[in-house]
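Please open the model in your viewer and keep the sequence panel beside it, as this tour moves from one selection to the next and says what is found at each stop.

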Amino acid sequence: MNYDFSEKEFTLFVDINEKMGGLAANGQLDRKDPAHNKENIKQALKQLAQTPYLKLGLQPVDGYQGQLSWMGAAETLAAVSPSAYLAVEASTRLFGRAVNEWGDSNQKSKWLTPLLEGNLIGALAISEETLNIENDPLTAQGERQGESVAINGAKQYVINAPIADWIAVAGTCDDAYALFLIEKEASGLTVEPAMETLGYDGTPISGIRLEDCRIPNEQVIFPPADIDMAEAIRMWENQILLGAGLGLSKAAYETARDHAKSHRSGGKPIIAYQEVGFKLADMLTLFQTSQLLAYRTAWTAETSPKEAGELLLCAKVFCAESAEQVCSEALKILGGNGYITGNSVERAYRCAKYVQIAGTSTEIGRVKIGDAALGYRN
Amino acid sequence: MDFAFTKEQLMFKKEIIRFAKKEIVPRVQEYDLNEAFDFESFRKLGDFGILGLHFPETYGGSGADVVTTVMAGEALGEAGVDGGLTLAYGAHSFLCADTILRHATEEQRQRYLPKLISGEWIGCMGLTEPDAGSDVASMKTTAEKKGDKYVLNGSKIFITNGPIADVAVVYAKTDPSQKHAGISAFIVEKGTKGFAAGAPLIKMGVRTSQTSELFFNNCEIPEENLLGKEGEGFNMSLQTVEWDRSALLAPFVGAAKYMLNSCADYARKREQFGRPIGKFQAVKHKLANIRIFAEASQSLAYKIAWCKDQGRPLNHLEAAVAKLFVGDWSIGPANDAMVVFGGYGFCHEYNMERIFRDSRLAPIGGGTSDIQKMIISKII
């Protein structure tokens, strides 16, 4: 048993903070800015590629504990820039992880290598209108036509779609799960305009449509037959969202704490008032509890992946809901300052709702946790 | 980081659950209803080695680490042992016996610890007073040195095991002009002239534990019953906080797991509208809330325990966070568990109303939630 991160891990967290701090200054990574969003994310990837961050959880890195080290680093990045974090993760630990886990060596060298060097932005499209709690079969479909596959279907809420160099589309082919790797310029691929969203302004999200989009067979990845691809991807999404929730809580709590110590009212810092000090105590309790739960979940995913599913859902629900509560209370502590668009707490508050909705929503998460307790599934 | 328990720890936990389910749990409801202390179960805890888990073998203990000790508390809760008995165990082993282990002379250790560890004697700790709860420094009980004796005068309140204790660790002011620095700790045995316990207080929960006032009226004790030196009492009381924030929280973590298992069993069997109520999403939602609380609180308690095993000084911030979370966030799951059982949940026949009542001590005992918030807001 050991509840500490190593010095090497702490050094990485500091390094990420320093490398990304400049890029994220004045919230420039977190603005909706179609002309610059792609360049911003590319720069972020380039910076992170100078550290082990992009490889964590995908490839062994000496001195680090895979997903556990990544969770600590993810928290740091998500606190510095929620939007850059989400875009980087969608590229690295959705698109990249799919290639890493299920791709062959040629596919890995084609997509994974440039991705981990920060030279490629990826996206993974899975969500469809028909998807529900039971994970109905995917309707995006590829049909073999000689040396190529023709794909038809539509996807919604694809993170990075407007800026991605490559999009992995989850669907079926030959009655099996398949991922279709599609280049941004491919004929038959339509990327819809970036959506107007409540939060994550610097992360372009859009739908895509595929109409007889033809790709060579080499651009199709088939996960092993015993893998439930949709379930696996949902789990990866949930892991990413855990890091997102931690980062939002961290940013909101620390900003509110610092404000409460420096802002004076009635001749004393407002933290001296119990209404404020006790709020911060509740916020820190939620944040620290979220951290421990998320770290234990990441450790379980790293050491006993088959046992991680239920714990991950518990952590996802808790961290996501805690993030919104922490951000909401932080806004109150900041008073009028918090209500002004562009500050880190207001931004985190708007982002927090996404963490509850995306991946396995907190409602579906609770149903699944309840089912597991009742022995109805698993 | 590494969150793994050892195989031995996990096996030990299973053994405790098996033992408690067989030997203790069948008696819990009856004793709770009668608000009676279950001496037989307490002795069985001693026979099984639980009362002296972390104590050296020299005194009859097992020499276990703190994580294993915390695990025992969790296991008792998970088995369905009531909060009254686990509280009595905590006050006995951690607040009384552990203080004697740390600060008494070897002769005193030999005199008290074997009997406390076996369960032959029961211990308690007297700190809180009617006008000195969280504000310990305001205590009015005094210990005046007269020759080779100390004379204690004053009273204590809310003392777990007070009416049944054979020995008490009592805090009193040896220098009333001082605040914290004037507090000292003493060992007082039952039967000492001038020492008496009040009648058990009627409580909302943890009813099998016996709680009372302690009265000191010109109570003379030999000078060697002073623990450590004069003025060291406050720091001794702080050391018990480490146990308050780990081993004493653990039964609440275990109780959440017990609630989850009980609710799941019930929801699978209980049918309404032609199907088990477990098929309704609202019931699943409640089970999920209980599970999430269990998972979240578990890590907090074990982290404090692990730090103590490493010999680190208590991190008061993390300890307060753990206590605050278990205190304030346990009411939702405890309420959910009661509601899953519907009308039965409100009746004593089923355990849920008892667990709900027991859980209400969490934000009050050992430092209220507001005090935890005060600590946290000052440290940050």
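## Where the two chains meet

Begin by selecting both chains: 33 residues of chain B are in contact with 33 residues of chain A, where two residues are in contact if their C-beta atoms, placed from the backbone, lie within 7 Å. The model is a predicted one, in which local features need pLDDT of at least 70 and side-chain atom pairs count only at pLDDT 80 or more, while totals for chains, interfaces and linings use all residues. Residues are numbered from 1 along each chain as its sequence is written, and chains are lettered from A and ligands numbered from 1 in the order in which they are written.

Now colour the chain B side of this contact by helix; α8 (250–269), α9 (281–309), α10 (316–329) and α14 (369–379) of chain B each supply at least two residues to the side that touches chain A. Helices here are DSSP runs of H or I with at least four residues, strands are runs of E with at least two, and both are numbered from the N terminus. The largest share of this side of chain B, 14 residues, comes from α9(B). Coloured by class, the side of chain B that touches chain A divides into 19 nonpolar, six polar and eight charged residues; Ala, Val, Leu, Ile, Met, Phe, Trp, Tyr, Cys and Pro count as nonpolar, Asp, Glu, Lys and Arg as charged, and the others, Gly among them, as polar.

## A helix pair across the chains

The axes are lines fitted to C-alpha atoms, for helices over the stretch in contact, and the angles run from 0 to 180 degrees between N-to-C directions. To show the contact, select Arg366(A), Val367(A), Ile369(A), Gly370(A), Asp371(A), Ala373(A) and Leu374(A) of α11(A), together with Gln281(B), Val283(B), Lys284(B), His285(B), Leu287(B), Ala288(B) and Arg291(B) of α9(B). By class, this contact of α11(A) with α9(B) has seven nonpolar, three polar and four charged residues.

## A helix pair inside chain A

Next, select helix α6 (residues 229–262) and helix α10 (residues 344–357) of chain A, which pack at an angle of about 155°, with their axes 9 Å apart. That angle makes α6(A) roughly antiparallel to α10(A). The residues in contact include Leu241(A), Ala244(A) and Gly245(A) of α6(A), and Ser344(A), Val345(A) and Ala348(A) of α10(A). By class, the contact of α6(A) with α10(A) has eleven nonpolar, three polar and no charged residues.

## Domains of chain A

Chain B is divided into domain 1 (7–122), domain 2 (124–231) and domain 3 (245–379). The centres of domain 1 and domain 2 of chain B, taken over C-alpha atoms, are separated by 23 Å, and their contact takes 25 residues from domain 1 of chain B and 20 residues from domain 2 of chain B.

Then select Arg109(B), which lies in helix α6 of chain B. With 19 C-beta neighbours inside 10 Å, Arg109(B) counts as partly exposed; a residue is buried if 20 or more other C-beta atoms, placed from the backbone, lie within 10 Å of its own, exposed if 12 or fewer, and partly exposed in between.

Finish at Pro313(B), in the loop between α9 and α10 of chain B, which counts as exposed with 8 C-beta neighbours inside 10 Å.

How values were computed: Angles under 35 degrees count as roughly parallel, over 145 as roughly antiparallel, 65 to 115 as roughly perpendicular and the rest as oblique. Domain bounds come from an automatic or database domain assignment.
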